[in-house]
Amino acid sequence: MKNKNTVLCLMAHPDDAEILSGGVLALLAKRGWQVAIATMTPGQAGSTQLDADAISGIRRKEAAAAAAVIGGSYHCLESEDVFILYDKPTLLKVIALFRTIRPTLVITASPDDYMLDHEITSHLAQTACMAATIPNIETPGLSVLPQVPYLYYADAVKGKDRFGREILADLLVDITTVMNTKEAMLCCHRSQRDWLRSISKVDEFVLLMKSFSERNGKRIGKQYAEGYRQHLGFSYPQDNLLKTELGL
């Protein structure tokens, strides 16, 4: 995957990308971008009835089906739910993924969220963006990236940090025209309705996704929106590619 317009969405678990970023991914796909969705885990903890291997197999297939809705690819780095680590072996896997996909733009989880799986994934993505350009960090058979990708953080789940404080995105993207596509992507994750109903007492995660998208939409006078913040640290691109590409 070496198209100059490639977006990689790296999240912790299957269905995170669809809930938080499915709309923007669909918009970019419509504009001819290649889309890769990756998760740190296959979601092995996501069932109260099936064992880890069984539910992992199901969720990998669901994630691949969701990516295929917009012509994208799916990749799993095979960490485990609750045990995503910021360590050398895991980071090398992420760097290798970046050098394989060669993204122009990366979307990842919020660095502040309700659980560490999301936060650690965010930190892994941040480091990998820069590390993938450094020749002395070796991933055999894979060449370094020519430049640091653009990096954006999606909203925290429900837009709040671990203390319940609101986190407001500074880039809101109108996704009204692709909400049906976002919903179709999320509905590929059929196994998770029963899981959420059992663990979180949530009966319909599609309705929750739409409710949060509506909250963002009201901020810009649209029906539905997704929120993002751009990483603007030293050596990262400073112009707002996502805003320019989507004509915001």
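## The largest cavity

In this predicted model, the largest cavity has a volume of about 50 Å³. The structure contains 1 cavity of 30 Å³ or more.

The lining of the largest cavity is formed by Ile19, Leu20, Asp155, Lys182, Phe212, Ser213, Asn216, Ala225, Glu226 and Gly227. By residue class, the lining has 4 nonpolar, 3 polar and 3 charged residues.

## How helices H3 and H4 are placed

Two packed helices are described by the angle between their axes and the distance between those axes. Helix H3 covers residues 88-101 and helix H4 covers residues 116-131. The two pack at an angle of about 55°, and their axes are 9 Å apart.

An angle of 65 to 115 degrees would count as roughly perpendicular, and one under 35 degrees as roughly parallel. H3 and H4 are therefore oblique to each other. The crossing of H3 past H4 is right-handed.

## The contact between H3 and H4

Which residues of H3 and H4 make the contact? From H3 come Thr90, Leu91, Val94, Ile95, Phe98 and Arg99. From H4 come Leu124, Ala125, Thr127, Ala128, Cys129 and Ala131.

Sorted by class, the residues of this contact comprise 9 nonpolar, 2 polar and 1 charged.

Terms used
Residues are numbered from 1 along each chain as its sequence is written. This is a predicted model: local features need pLDDT of at least 70, side-chain atom pairs count only at pLDDT 80 or more; totals for chains, interfaces and linings use all residues. Side-chain values use heavy atoms; hydrogens and water are left out. Axes are lines fitted to C-alpha atoms, for helices over the stretch in contact, and angles run from 0 to 180 degrees between N-to-C directions. Helices (H or I, at least four residues) and strands (E, at least two) are DSSP runs, numbered from the N terminus. Angles under 35 degrees count as roughly parallel, over 145 as roughly antiparallel, 65 to 115 as roughly perpendicular and the rest as oblique. A crossing is left-handed if the near helix is turned anticlockwise from the far one by less than a right angle, and right-handed if clockwise. Contact means heavy atoms within 4.5 Å. Ala, Val, Leu, Ile, Met, Phe, Trp, Tyr, Cys and Pro count as nonpolar, Asp, Glu, Lys and Arg as charged, and the others, Gly among them, as polar. On a 1 Å grid over the protein atoms alone, a cavity is a set of points where a 1.4 Å probe fits but cannot get out, and a pocket is an open set with protein on both sides within 12 Å along at least five of seven lines; lining residues have an atom within 4 Å of a point. Grid points are joined across faces, edges and corners, and a volume is the space filled by probe spheres set on the points.
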